[in-house]
Structures are given as C-alpha cells and as structure tokens.
Amino acid sequence: MLRTRALVVLCISLIGYAPSFAQDPSQNPDDITAKIRKEENENSQIMRTMHFLTDVYGPRLTGSPSLKAAGEWAIKQMTAWGFENGHLEAWDFGHPGWTNERFSGFITSPVKETLTCEVLSWTPATNGPVAAQAYQMVLPEKPTQEQLTAYLATQKDKVKGKIVLAGKHQFVAVNLTPPAPRTDDKQAKERYNPDNPNAGQFRGGGGPQQPPDPTKLTPRQIDEQLDQFLIATGALIRVNDAGREHRQIRAFNNRTFDAAKALPTVVMSNEDYGRISRILADGTPVELEFNIVNRWYPEGKTAYNTIAEIPGADKKDEVVMLGGHLDSWHAATGATDNAIGCAVMMEAARILKAIGVKPRRTIRVALWSGEEEGLLGSQAYVKEHFGSMVQGRVDRYEAANVRALNFVMQGALGGGGPRTLRADGLGKTLGGALVRLEIEVPESMAGRRRARPDVSWADEILGEAR
Ligand SMILES: [Zn+2]
C-alpha cells in the first residue's frame, strides 16, 4: 500500500452549534443585542488589547518568550474581566524558540548604503560582523533533479567565502491601478453558493488545481538542496530576494528548525537585491557586510495555547469555542495575523460578561500557538480534548463536478463546527488537518487521479467501504 494525501472536501453537521441563553423574561434577545452594541460603542477594549498584543508583546513567534508573555497578559486581562479557568496549556512544539535580536546589513563597496532585510527565522546568527564579496547564483527555472545537480556542479568553486544572492532578481511590476482589496458582493455570493459547482475554484477553496509536474523539483526541494550545497561549499551567508513591491518583506522560516542545516539567511528588499544584482552584472565587485544576532530558547520546545472561559449554566459541558491564533511571524508585530482575531474573540466574550449575560453553555476563548508553522497548537488541543476529530458517523457522497473525496462528518469537534471550511478559522484548522491526513491507497491506484480524471478515484479506493 502507498500512503498518500487525499483531497478532502467535507461538510460538518451543525447540530448543537448555536449558543443560546437562559430564558430570563427580562432578557429578550433584542435587549441583549442592544446591550452588546451599547457596550462596544461606549466601552470598547479592542484597541487597548491590540496595543498590548502588538506594541508590547509583538512579534510573537511560537516558542519565543514574547508569545508566552502575550499569553500570560491575555490571561491576566481576561481574569480581570471576570473570565474563569484562565491558564496556559502546554503542548509539544518540538523545536526550540528563536528570536532575532539585532540585524545590520550594508553595501560597503563600490558604494556605501544600508540594506533593508529581515532575518529568516530559525537560521543561525553570524559570529560578529561578516564582510565578504557578493556572489549571485542564477538557478535554472523549475529544474529537474538532473538540471539542478548539473547547475550546482558548475558553482562549487565559486561560492566559498562569499555572501550568496540565491536566485536572479525578480522583476516586480509597478501597478498604478491596484484592484480593490475587498471581494465584491457578487463574487462573495458565488464563492459560498452551495449550488455553484465552481465554488471551490476561488482562492482558499479546494477546487481544481493544476497538478504539479512530478519531473520538476518543488520550490521546497530546491530550497533544501541549495541550503545543503551552500553549507557544504563554505558560503558565508545566504540572501533571498523578497520579491515584493515597496520594500515589503515577508520572512518565514528555516523549515528544518535546525541551525546546522542552514546558513545565516536574510530576506532582502527587492529594491536592494536588484541594485546589487545590477552592479554585479556590469562586472563590478560588490562588498557586503552583515551582522546578525539571534537567540535560541531550548524551553520553547514546549509551547502554550492560552485558554479562559465564561462557564455555562445547565449545559456547561457543552462548549462554544472562540479562537484566534496568538502566534505571529517574527518580522512584524502580527497585528492583522492574527492579534486582531484574538482581540475580537476576547472582546466578544468580554462584552457578554460585561452586560451580565448568563450563558447556558460554556463560552471558551482559545488563543492558539504554532499556527504559522502548520496549525499545530489547535491540532494539539483538539487531540487532547476531543480525541479524534470525528466521533460520529462519516458518510461519503458524490458531488457533481468536484473531483475529490466528499464526506459528511457527523459530530465533528464534538458537534460544533462551522458551516463551511472556507469561512472561518475553526474550519481552516480542521480542513488543514484533513488535507494532511494520509490514507491507504492500493498501489494500483498510484497516480490514477492525474492520469484518468474521468474515473471516480474515490469510487475505486473506497468502493468496498461504502
Ligand atoms: Zn495566520
């Protein structure tokens, strides 16, 4: 049997999802709605919460002391608002914490200029300032293994002792008429229309995608091999092109989380990267200097979800979960991704507490960690508290025009769940976990989905199980 990943599209039963409140005659629903609006309009704590989560405790990389401190602050705050059972809940991240404490980068010849960069997380520091010549590798586009191996062989003697620009400069076109960042109503309706067979094609959906060409290396494979090559050949520092406009930089991580498997690595603004590329291209040597100070935290292997709740009354064992992810990437303070989600969830529960609502069910705020590294904290929580993701019946069904395995999961997440996996964070977490599921596939089925789109792949695999 081969193990492979199945594309899974599913719906979750909604039984028992909506929160309800005690039947107090003085509290009809309209009154509650008005009270909620009044509390938020007159006494919003959102911006104060955001200030602490971002200005004071950002960035909040998983495993870092700032993330833990942000969680501790949130518990203190939610407890002060009257929430109960506030605590950090440990889970095994398995990687040490990491922070960048200082960075500086310069062109020192033929001009003097300060460079705009961000350090790639979980890469090693330099041991003090490193000054060296720049060398640019222009890798073949979408190479096969043979092409990459052949290219690297030509570079063996060229990168030793160099600061290596990894890849050609990306041309970023100026767009003077950027599209509105908001989805228009028509598109939003199409995306969530259950009768639209193409709904899955929208961004974030699980619709038809070009299957990758198996003869080509993936960007991740190229990246890993390049790291190994640069270490083995004695390069000093790796520089990646941010490839974005207006000096924006998105810096993610050394996917191995292992300092021994990467060079000190920075992501450089597209403008600076282009300037160095152009000077090198005219035959003029370029001298660069970098100083990177990173700190590693072994204790970060244990990460924490932040939990607090308003206990319910007669149905207190049924839980309405409000979640956002508290961790962020390291290059900024993580306001939109996702302090705002956390602040909104904290605020929603705070308002209910402030207006004196007594919910029948427990309302639990959970601020996740490890989201950016793969939804890890919320998955650990589900495993710990809900066992497997689904404890009820699982039905498989055919959906016209959707070439995927389609399931209805009864009682997923203890009966609570979102209406659509594309609509919210809880669904995103569950959906992310499901598409990572490995299922047994007979060897005779290997590659069948790509080769014969007319055949129901699911039918052949699951025919017996139905
Ligand atoms: Zn995020």
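This briefing walks through the main features of one protein chain. The structure is a predicted model. Its secondary structure comes to twelve helices and 17 strands. Of the 466 residues in the protein chain, 35% are buried. Take contacts between residues at least 6 apart in sequence: 79% of them join residues at least 24 apart.

**The eight-strand sheet**

- Eight strands form an open sheet with mixed pairing. Their order is β5-β4-β11-β7-β8-β9-β10-β6.
- β5 (113-114) and β6 (117-119) stand at the edges. Each has a single partner strand, so one side of each has no neighbour in the sheet.
- Strands of a sheet pair through backbone hydrogen bonds, and they can do this parallel or antiparallel.
- Strand β4 (residues 97-109) runs antiparallel to strand β11 (residues 287-297), and eleven bridges join them. To find this pairing, look at G97, which stands opposite Y297 in β11.
- Strand β7 (residues 130-137) also pairs with β11 in the antiparallel sense, over four bridges. Here A132 stands opposite L288 in β11.
- β7 runs parallel to strand β8 (residues 163-166), with four bridges between them. Q136 stands opposite L165 in β8.

**A helix across the sheet**

- Helix α7 (residues 270-281) lies across β4, β7, β8, β9 (237-241) and β10 (265-268).
- The direction of α7 is at about 80 degrees to β7.

**Helix α3 and what covers it**

- Helix α3 (residues 65-80) has 16 residues. From its first C-alpha to its last it reaches 23 Å, close to the 22 Å expected at 1.5 Å a residue.
- Which residues of α3 are buried? They are S66, L67, K68, A70, G71, A74, I75 and M78.
- The cover over these buried residues includes α2 (46-56), β3 (84-92), β12 (302-310), α8 and β14 (361-368).
- After α3 comes G82, which has a positive phi near 105 degrees.

**Helix α9**

- Helix α9 (residues 376-386) has buried residues too: L376, G377, S378, Q379, A380, Y381 and V382.
- G387 follows α9, and its phi is positive, near 70 degrees.

**The largest nonpolar core**

- In soluble globular proteins, nonpolar side chains tend to be buried together.
- The largest nonpolar core in this model has 77 residues. V164, A349 and V365 have the most contacts inside it.
- Helix α8 (residues 335-354) gives the largest share of this core, eight residues.
- Two domains contribute at least three residues each to this core: domain 1 (2-95 + 300-435) and domain 2 (111-169 + 213-285).
- What does V365 touch, not counting residues up to four places away in sequence? The list is M78, A308, E309, L322, M345, M346 and A349.

**T144, a loop residue**

- T144 sits in the loop between β7 and α4 (145-155).
- Is T144 exposed, partly exposed or buried? T144 counts as partly exposed, because it has 14 C-beta neighbours inside 10 Å.
- T144 and K216 are 72 residues apart along the chain, yet their C-alpha atoms are separated by 4.4 Å.
- Leaving aside neighbours within four places in sequence, T144 is in contact with T215, K216 and L217.

Note on methods. Residues are numbered from 1 along each chain as its sequence is written. Two strands pair if DSSP finds at least two bridges between them. Helices (H or I, at least four residues) and strands (E, at least two) are DSSP runs, numbered from the N terminus. A residue is buried if 20 or more other C-beta atoms lie within 10 Å of its own, exposed if 12 or fewer, and partly exposed in between; C-beta atoms are placed from the backbone. Two residues are in contact if their C-beta atoms, placed from the backbone, lie within 7 Å. Axes are lines fitted to C-alpha atoms, for helices over the stretch in contact, and angles run from 0 to 180 degrees between N-to-C directions. A nonpolar core is a set of buried Ala, Val, Leu, Ile, Met, Phe, Trp, Tyr and Cys residues joined through C-beta atoms within 7 Å. Domain bounds come from an automatic or database domain assignment. The expected span of a helix is 1.5 Å times one less than its number of residues.
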